[in-house]
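Me: Could you take a close look at one part of this model for me, the hairpin and the sheet around it? Then carry on from there to whatever else is worth a look.

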Amino acid sequence: MKKIRAAGLLLSVSVALTGCWDRTEINDVAFVIGSCVDKEGDQVRSTLQIALPGSLGGSGSEGGGGGTAGNKKYYLESKKGITLRNSNLEIQAGNSRRLSFAHRRTLLVGEEFAKGGISEMLDQFARIPQNRLSSLVAITEGPAYKIMDAAAPMEQFPSEMIRELMNEFTKTPVTLKVLANDLLTTGVDVVLPYISLQQAVPDNIGDQNEKKNIQITGLALFKDDRLVGVMKGPEIKMINLAMNQSTTYDVAVPSPSGKGYITITFIENLVTLRPVIHGDNITMHIDILAKGGVIENNSNYILGDEKHMNRLEQEASKEIIAQIKTGLHKLQDQYHTDILGFGRTIHQKNPKAWDRFKDRWDELYPNVKVVVNTNLHIENIGAVNKPFGRKDVKLKHD
Amino acid sequence: MSKRGKNPGSSAQGLASGTPLGLPSPPWEKLEIQKSLDQNIQTLKTIFRDCSDMVFRSIEIAPGINAFIAYVEGIVLSLELEGHILEPIVEAYMRMKNEHPPEQIKAADLEPLENTRVSLPQVMSATKWIDAVEGILNSSVAVFVDGLSEAHLFNIKGGIRRPVQEPETESVIRGPREGFTEMIRINTALVRFKVKTPNLKMYRMVLGTDTKTDIVVSYIEGLADPKMVNDVKNRLKDIKIDGVLESGYIEEMIEDHPYSPFPQMLYTERPDSVAAQLLEGRCAIFVDGTPLVLIAPVTFFQLMQANEDYYERFFITNFIRWIRYIFLFIALFLPSLYIAVTTFHQDMLPTTLVLSIAAAREAIPFPALVEALMMEISFEALREAGIRLPKTVGQAVSILGALVIGQAAVQAGIVSAPMVIIVSMTGIASFTIPHFNLAITIRLLRFPLMLLAGVLGLFGIILGITWILVHVTQLSSLGVPYMSGVSPFHGQDHKDIFVRVPWWKMRTRPSWLSKKNSEREKPDINGNPVSDKVW
């Protein structure tokens, strides 16, 4: 019995000897909260946004807290390498703390890099479990690291701001996982948010550095894994809607009474695709079901009664259908990318037909006819039913 | 963790001898009381030499008849001495003197004296010195009469003891306010007030060669498992010790697993708790001189229940019981989880949380494990100081503790603010456990878990949990499995483990206690619960 106890004690000592091999105190970890991938010649430039806990204002950190760069709560570190991992290792070589990628919020990919194809960089994200596949991915106008260093006064970090923007923009934000899934699925092309800097205020106000704002300005369209074009303008909202990705969207409808606009916001929507196939003639029905309310009426149109509401719903439908058609026209004829997943829909709903189409889908896609069916309900016209602040004589009854 | 051997048989021998263990028996042990009063006085004064609390008094109880009185001052009701003892004796001897010459007064004449004249409940006579001495030490007044080879012992137990007061360690909002005192007879009476059945047995024994402490094993015959009751009695009889000053002495001596950190008995100073436990078929062990009564067997879940659980309405009870279980886990695991997550698994926390912890820890010189150990140990020290301190300085220490540990340490950058939150959460959590002996166990187990977490991270915590669970499931209390109800599983006993069903559904006693007589409540004539009646 004594011998067993002695052996047990010795064994328990060995536990303490082997332990701690992967122990890292939280203040020996550099938390990467955003990263950028850019192309530079033959090499890959990786830029990491690393949080500076010392300047995040924790108690007791006033006195200590490492080298802080100005007032910023993060700093950027950028290195080149033959692969993405290599350039990250270069960054690690110049960093006193261990890089941890588990908290990366966003991954920005530069336009130039994306044109060369994005699939080869994805491996390093999935191979090491520490790299979460939940990072959000976006394409940037110009080099990505410029966006990463833009002012984001509302949030602690630009990467956090981009993440919030993307969460607002689509129902299912494109994470690395979603991206890989879309890349591997037949019959759908990848689409990513396109981020650029926008003038926040006119030139003559304020500090020059604070003037640029991060904004989602378009949709980056992919064919396979290569960026083929960027769609901008008002249609992107409606294409987003057609993809059933829109969270809320607003439509400014020209007033039936002539002058001014009535703005409707749709807070609930459900979009389904329904293919109708006759031989090689494919018609895609896009059924839109949406509920919403009026948020602005700067015309003299009275919204009070049912007849007027029906008229307004019709006008809104027209507007939505027109914009979707414009957008789809560009996608089908100009970029030839099937980001709505027409192919995937056929594959799922009519697998036999898809077997016939799949080899020549690129030829068939531009000729797919699109019918948009809308079912809009404007349920709420707000707190006032007559235009507010106008004298009754000017109000229009038709 | 070896089980304590149970060998019945050897009874409480040698306890009657008045010597401390290890000393040779005194010369007077086998002596008898003599007829000569002078000789008796001589012996008595030799036995009680240098005992300044002894009172010796010579009186003439009848003309020509001398007597000698001896008692210990302070432990007898000296007010009753005159009226209840001396007067009847004097009267009796005067009468006897008138009837017989003093030489004829014999031992046989004493009995009517005890029975008729002295209006005291406990009157005895002793012929041996050893009995006389024991009687004197047990609050009796000894009267030696010249010419009699006997001592009359009149028990007038008295002296000042604490009255029945509200229990300080187990206060309730709803429930009786009385608590046990240091006097065993008051304590047994408090239980007898509540359980009025002759089946409530109070088996008395005496433990401790020097303290001769009264022990009472109480149980309800027919409800408590007779084997278990015998087991308790036999284990108690096996104890040979010089003194028993608190129930803790015998708790450690009779528990099943003396090397387990988990308490296998429950102690309480509330008569209502004891009554409730007896009604479920358990044993209670009263020890003279302490207000804490031991209850066995217990299960782990019982230590998580407060007596108020049964007095408050069941919705509230259930809510509070769940809160208690949640906080049990917090008390046990929170510091180790914090250590594991901040030193091994930073990926597990939400980004904003990890960044704010990182910000708070930025200037802290110690690793999280050292920081946590430092804080937890100083919290334990503060708690201990708070108990031991004279009440007048208590406030000063609590202010000092709050300022030093709470604020100054954070501002000086020695510990981080999250750590202070963790420690205070853990501290509060450990006080939600209703029984202090379990709470202190949980607090103790926290430290090895913290070390494991600091060495192996979450893996270490899982190792710790596994060890605790394995240990707890093989524990037993008086042969009853410690996790009864859950392991081994008894479906019907879940009415009072994690939930407490309303009283009108509490039909049976715990199945692991009373196997034969388990029904404790009858539905009404139609078989409906009482509460379904429309009054």
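Predicted model: local features only at pLDDT ≥ 70, side-chain atom pairs only at ≥ 80, totals over all residues.

Reply: S10(A) and S11(A) make up the hairpin, with six residues between the two strands. In the turn sits A:Gly258, with a positive phi of about 110°. Strand S10 covers residues 249-254 of chain A and strand S11 covers residues 261-278, and the two pair in the antiparallel sense over six bridges.

At the S13 end of the order, strand S12 (residues 281-297) of chain A runs parallel to S13(A), and eleven bridges join them. A:Ile288 stands opposite A:Thr374 in S13(A).

Across the boundary, 19 residues of domain 1 of chain A are in contact with 19 residues of domain 2 of chain A. On the domain 1 side, the elements giving two or more residues are strand S8 (212-223) and strand S9 (226-232) of chain A. S8(A) supplies the largest share of that side, five residues. Sorted by class, the side of domain 1 of chain A that touches domain 2 has seven nonpolar, seven polar and five charged residues.

While you're there, check the loop between S8 and S9 of chain A, which is where A:Asp224 sits. A:Asp224 has a positive phi of about 55° although it is not a glycine. As background, most residues other than glycine have a negative phi.

Over in chain B there's another sheet to set beside this one. Chain B has an open sheet of five strands in the order S6-S7-S9-S10-S8, with antiparallel pairing. Strand S6 (200-207) and strand S8 (266-268) of chain B are at the edges with a single partner strand each, so one side of each is left without a neighbour in the sheet. Ignoring direction, neighbouring strands of this sheet are turned by 25° against each other on average. Within it, strand S7 (residues 213-220) and strand S9 (residues 283-287) of chain B run antiparallel and are joined by four bridges. B:Ser218 has B:Ala284 in S9(B) as its bridge partner. This sheet has a helix across it as well: helix H8 (residues 271-279) of chain B lies across S6, S7, S8, S9 and strand S10 (293-296) of chain B, running at about 50° to S7(B).

Follow the chain on from S10(B) and you reach B:Pro297, in the loop between S10 and helix H9 (314-343) of chain B. The peptide bond from B:Ala296 to B:Pro297 is cis, with omega near -5°. A cis peptide bond also joins B:Ser487 and B:Pro488, with omega about 0°. B:Pro488 lies in the segment after strand S12 (480-481) of chain B.

As for domains, the assignment for chain B gives domain 1 (31-155) and domain 2 (310-481). Their C-alpha centres lie 63 Å apart.

One last stop is a helix pair in chain B. Helix H11 (residues 368-388) and helix H13 (residues 417-431) of chain B pack at an angle of about 40°, with their axes 10 Å apart. That angle makes H11(B) oblique to H13(B). Their crossing is right-handed. From H11(B), the contact uses B:Glu371, B:Ala372, B:Met375, B:Glu376 and B:Phe379, and from H13(B) it uses B:Met419, B:Val423 and B:Gly427. The residues of this contact divide into five nonpolar, one polar and two charged.

Conventions. Residues numbered from 1 in each chain as written. Chains lettered and ligands numbered in written order. Axes fitted to C-alpha atoms, helices over the stretch in contact; angles between N-to-C directions. Parallel < 35°, antiparallel > 145°, perpendicular 65-115°, else oblique. Left-handed = near helix turned anticlockwise from the far one by under 90°. Contact = placed C-beta atoms within 7 Å. Nonpolar A, V, L, I, M, F, W, Y, C, P; charged D, E, K, R; others polar. Domains from an automatic or database assignment. Pairing = 2+ DSSP bridges.
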